[in-house]
Amino acid sequence: MNYLSVEEVTKSYGIRTLFDKITFGIDKGQKVAFIAKNGTGKSTFLKILAGFETQDSGNVVFRKGIKVGYLHQTPQFVPEHTIFETIFKANSPEINAIRFYEEALLHPENNEKMQLAFDKMDELKAWDYETRIKQILGQLNIHHLEQVVGELSGGQQKRIALAQVLIEEPDFIILDEPTNHLDLDMIEWLENHLSKENTTLLMVTHDRYFLERVCNEIIELDNETLYRYKGNYSYFLEKKQERIEIFEANVDKAQNLYRKELEWMRRMPKARSTKAKSREDAFYDTEKTAHQRLDKTKVDIAVNVTRLGSKILELHHLKKSFGDLKILDDFSYVFKKNERIGIVGKNGVGKTTFLDIIMGLQEVDAGKVSVGETVVYGYYTQGGINLKEDKKVIEIIKDIAEFIPLTKGKTMTAAQLLEKFLFTRDMHYNFVEKLSGGEKRRLYLLTILMKNPNFLILDEPTNDLDIVTLNVLENFLEDFQGCLIVVTHDRYFMDKLVDHLFVFEGDAKIKDYTGRYSDYRLELKEKESLEKQAEKQAEKLRNALPEVQTTVVEKTKNKLSYKEKFELEQLEKELPKLEEQKNQLTEQLNSNITNHEELIKVTQKLGYVTKQLDEKTDRWLILSEMN
């Protein structure tokens, strides 16, 4: 069943054509990725499909009656609205019931409203839906629903926009860079969520593992021509290489024929027969094919790296906190030559703070950061992209240097370097404001690399870069003769470049793990699986315990061992405390808790305490009978 038809869609800005007469369709259940270089209009194309921009010509037709969801690359919300108002803006009966229920939870003292909310949820059978929403919000770390959207960072707003799309459960989802601003746990959850859901999907993403595991078809826009690949990212790479080889073989064949036909054209008299005229027409077709050129432009940045001395970077007993939030606690490390470290951890555990401390941009509470005299930092940050919009591309580079030193004593002009970095001659005098988001990031990255650093620190360098640039950037970094620290949510990028990881686990716990990120995640999942198995076995044992204990009571005829007597004494001390805790938590639950997250915590804690009280009371009864 066809869900989307795109027919000869064209879009230009002035003399610049983004795409010309694009035609394709997407059927129900397909999960399609759209791949193209930065600046070719990927985001613009998605906006046209979502109805936020208009095409110059052509048609975009969705199947009648289907609901379309769209995740914007940079979402725009009403700043004064709360997260709650923003997320629950859809107008379905279930969403309205859940919205009313969530409002009632904010005012638990209003028994009438609370009862009405419960009745409405029961009537619409919305409890499963509400559980699903809570799961989505929890996985994306969205909790304080009463917070105003205008106070949030761009990354937090992107997560809210993603939650909004997933909660509304559209039939067709359009996603523009869905993994940007998500930590690795969130990305893996989203990957599993989209893989399992029977959703029709079109997305732009640079995350190659995400492409591999979610998509079952890839559409590539290359040199204004559209190519379709019925498979995942691995299949795409294989078939694209085959396409390139066939193309090059056809061009070689045409060039050989062109040379022969050109010689014939030069020998032939001006007055030609009909047969000769036909051969002449064929000659011009051959000429056109022979002069085709495959765009093999690539990033080639063999910049000279300043020599590193024996002392590089030493961190001695570092401590750093923000109030109760601990980032570092007595952390020490000595960096070695050519070391490659990946930094991973959930959002908010201090990864960027750690980088800022290394760079001297933030003070530590205690300890010392000692930097070697020969170290030349190159620091790429999300906040550092501050290119002057009114400057031309080539002026940005020339402000740093007219000539750039390369390896083996060679030099390169600013213009040559730009071309190597995929900025063609016709783009050199474009103003920065005319560049796409990915092109601006590429230009900013170039300004970092051309300063000849020997210690690169890259904080989320992959955001909004196209796959072509990422592949070549990885090749450059593999040959980079210096130290490298990378913070990235791009698992493919991380796996390819780092030797070991600093895993920020929270509360100033930092684990130094030797190996790739994929190895670390595999070990983590195996450990979690073993823990779950152990918990299941313990649960079985606990469930079987009353029967075993009853048998023991009968056999021992009311005789307690010393160990059991001690256990009974301890239980008699613990039970009153648990009873008191239960009463306090019950009172808290009945009081006016306005914080939604706190309400969940109190409810969970009450459940835990009640379970402990029941288990320990049962054990106390058994031991009492034996005494």
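Is Asn452 buried or exposed? Select Asn452 to find out: Asn452 is buried, at a relative accessible area of 12%. Here buried means under 20% relative accessible area, exposed means over 50%, and partly exposed lies in between (1.4 Å probe, protein chains only).

This is a predicted model, in which local features need pLDDT of at least 70 and side-chain atom pairs count only at pLDDT 80 or more, while totals for chains, interfaces and linings use all residues. Residues are numbered from 1 along each chain as its sequence is written, and side-chain values use heavy atoms, with hydrogens and water left out.

**The whole chain**

Show the whole chain as a cartoon. It has 19 helices and 20 strands; helices (H or I, at least four residues) and strands (E, at least two) are DSSP runs, numbered from the N terminus. Of the 627 residues of the chain, 44% count as buried. Among contacts in the chain with a separation of 6 or more, 69% come from residues 24 or more positions apart, where contact means heavy atoms within 4.5 Å.

**Two residues with positive phi**

Most residues other than glycine have a negative phi. Return to Asn452, which sits in the loop between α14 (437-449) and β17 (455-459). Asn452 is not a glycine, yet has a positive phi of about 60°.

Next select Lys21, in strand β2 (residues 16-27). Lys21 also is not a glycine and has a positive phi, of about 55°. Lys21 is exposed, with a relative accessible area of 54%.

**A residue in α1**

Move to Leu46, in helix α1 (residues 42-50). Leu46 has 0% relative accessibility and counts as buried. Leaving aside residues up to four places away in sequence, Leu46 touches Tyr70, Ile174, Leu175, Asp176, Leu202 and Val204. Select Leu175 from that list: the C-alpha atoms of Leu46 and Leu175 are separated by 8.1 Å, and the two residues are 129 residues apart along the chain.

**Helices against helices**

Show helix α3 (residues 93-105) with helix α4 (residues 111-124): their axes come within 9 Å and cross at roughly 155°. Axes are lines fitted to C-alpha atoms, for helices over the stretch in contact, and angles run from 0 to 180 degrees between N-to-C directions. The angle makes α3 roughly antiparallel to α4; under 35 degrees counts as roughly parallel, over 145 as roughly antiparallel, 65 to 115 as roughly perpendicular and the rest as oblique. The crossing of α3 and α4 is left-handed, a term for a near helix turned anticlockwise from the far one by less than a right angle (right-handed if clockwise). Residues that meet here include Phe100 and Tyr101 in α3 and Phe118 and Met121 in α4.

Glu94, Ile95, Ile98, Tyr101 and Glu102 of α3 make the contact with Trp127, Tyr129, Glu130, Ile133 and Lys134 of α5.

Now show helix α6 (residues 154-168) and helix α7 (residues 184-196), whose axes come within 13 Å and cross at roughly 20°. That makes α6 roughly parallel to α7. Arg159, Leu162 and Leu166 of α6 are in contact with Met186, Trp189, Leu190, His193 and Leu194 of α7.

**Aromatic rings**

Rings of Phe, Tyr and Trp (its six-membered ring) pair if their centres lie within 6.5 Å; planes under 30 degrees apart count as stacked, over 60 as edge-to-face and the rest as tilted. By this rule there are 23 aromatic pairs. Select Tyr209 and Tyr492, an edge-to-face pair at 5.4 Å centre to centre with 70° between the planes. Tyr209 lies in helix α8 (residues 208-214) and Tyr492 in helix α16 (residues 491-497), 283 residues apart. Tyr209 is buried at 15% relative accessible area, whereas Tyr492 is partly exposed at 24%.

Go on to Tyr333 and Phe335. Their ring centres are 5.1 Å apart and their planes at 80°, so this pair is edge-to-face. Both residues, Tyr333 and Phe335, are buried.

**Charges over rings**

Finish with Arg243, whose charged end sits over the ring of Tyr227, 3.6 Å from its centre. A charge sits over a ring if NZ of Lys or CZ of Arg is within 6 Å of the ring centre and within 35 degrees of the ring normal. Arg442 has its charged end over the ring of Phe423, 4.8 Å from the ring centre.
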